Amino acid sequence: MEIIIVADAQQMSEMAAGIIRDQILVKPDCVLGLATGSTPEATYKRLVRHHTEDGLDFSQVTTFNLDEYLGLPPTHEQSYHTFMQDRLFNHVNVDPTRVHVPKGMSADPEAFASWYEDEIEASGGIDLQLLGIGGDGHIGFNEPGSSLSSRTRVKTLTKQTIEDNARLFFGEGQEHLVPRFSITMGVATILDAQRILLLAAGAQKAPICQKFIEGPVTSMVTASALQLHPAVTVILDEAAASKLEHRGYYKWVQEQKKEEYPAALRRIAQAL
Ligand code: GLP
């Protein structure tokens, strides 16, 4: 895993938007996996700016969102569908027929889940998957205990997730309004992406960031499965990185990367 520690959430969002922009520039018909939550909001804002100010073209981009609450219609103001429309899709030239958000109101969610898997495959697979992380280490809505080989399916939310999301999206004390079930890409679905970009900011994410980056791979912290993936970039702000044991090393690695390999090898050869 590549661990990049930046000063604050603003720098994290700028860097993340830059990585997504570069992906679109390199492959205009790329497939993006997208995430909701407060963490990627500023990244989407910057992507909108890349579109309006620099003409970043989304017309051939295909998107697949990670998850959705079960039981919420797409028009519900707390649905992830609405979140994505408001934060990104309504403000860029993405083709609506290429946008995929799991259906919260499907009559047969399990059948929908397997259709979603097929659609991802038919699109050629996800080139770049954006992720946040839940307080209990979930990616998507893969709560503790989710199989690391899981695919898109229905998942029951933990009480902690319900409380966290009540505060963020429904207002303090509104836990009873938060749906208890979700439809989410599985851990293995996420691991199939070519490249993965996880963002985390703020001191409240520090303990779980330490666990998923430096702890064992375990289904009890599903983000830890990212250790098995060959192309993961994690961008953390200083607060979220504050509990990492090897913080100094990750920063050192980034410092070394500033020097191109050929130059570094030349410098070593000259010194010998
Ligand atoms: C929800 C989403 C996750 C997201 C998490 C963290 O549970 N299903 O995909 O990563 O929230 O949210 P936040 O970024 O607001 O901390």
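Looked up the bridge partner of Gln129 first: in strand 9 that is Ile196. For my own record, two strands pair if DSSP finds at least two bridges between them. Helices here are DSSP runs of H or I with at least four residues, strands are runs of E with at least two, and both are numbered from the N terminus.

I'm working on a predicted model, where local features need pLDDT of at least 70, side-chain atom pairs count only at pLDDT 80 or more, and totals for chains, interfaces and linings use all residues. Residues are numbered from 1 along each chain as its sequence is written, and side-chain values use heavy atoms, with hydrogens and water left out.

I then traced the whole sheet: seven strands, open, parallel pairing, order 1-10-9-6-2-3-5. At the edges I found strand 1 (2-6) and strand 5 (99-100), each pairing on one side only. Helix 1 (residues 9-26) packs on this sheet and touches strand 1, strand 2 (31-34), strand 6, strand 9 and strand 10 (232-237); contact means heavy atoms within 4.5 Å. Its direction makes about 165° with that of strand 9. Axes are lines fitted to C-alpha atoms, for helices over the stretch in contact, and angles run from 0 to 180 degrees between N-to-C directions.

**Helices 2 and 3**

Next I checked helix 2 (residues 41-54) against helix 3 (residues 80-87): the angle is about 40° and the axes are 9 Å apart. That makes helix 2 oblique to helix 3 (under 35 degrees is roughly parallel, over 145 roughly antiparallel, 65 to 115 roughly perpendicular, the rest oblique). Helix 2 brings Glu41, Tyr44 and Val48 to the contact, and helix 3 brings Phe83, Met84 and Arg87.

**Rings**

I got seven aromatic pairs for the structure. Rings of Phe, Tyr and Trp (its six-membered ring) pair if their centres lie within 6.5 Å; planes under 30 degrees apart are stacked, over 60 edge-to-face, the rest tilted. Tyr69 and Tyr80 have ring centres 4.9 Å apart and planes at 45°, so I logged the pair as tilted. Tyr69 sits in strand 4 (residues 67-69) and Tyr80 in helix 3, 11 residues apart. Tyr80 also pairs with Phe141, stacked, at 5.9 Å centre to centre with 10° between the planes. Phe141 lies in the loop between strand 6 and strand 7 (153-156), 61 residues from Tyr80. Both Tyr80 and Phe141 are buried (under 20% relative accessible area, with exposed over 50% and partly exposed in between; 1.4 Å probe, protein chains only).
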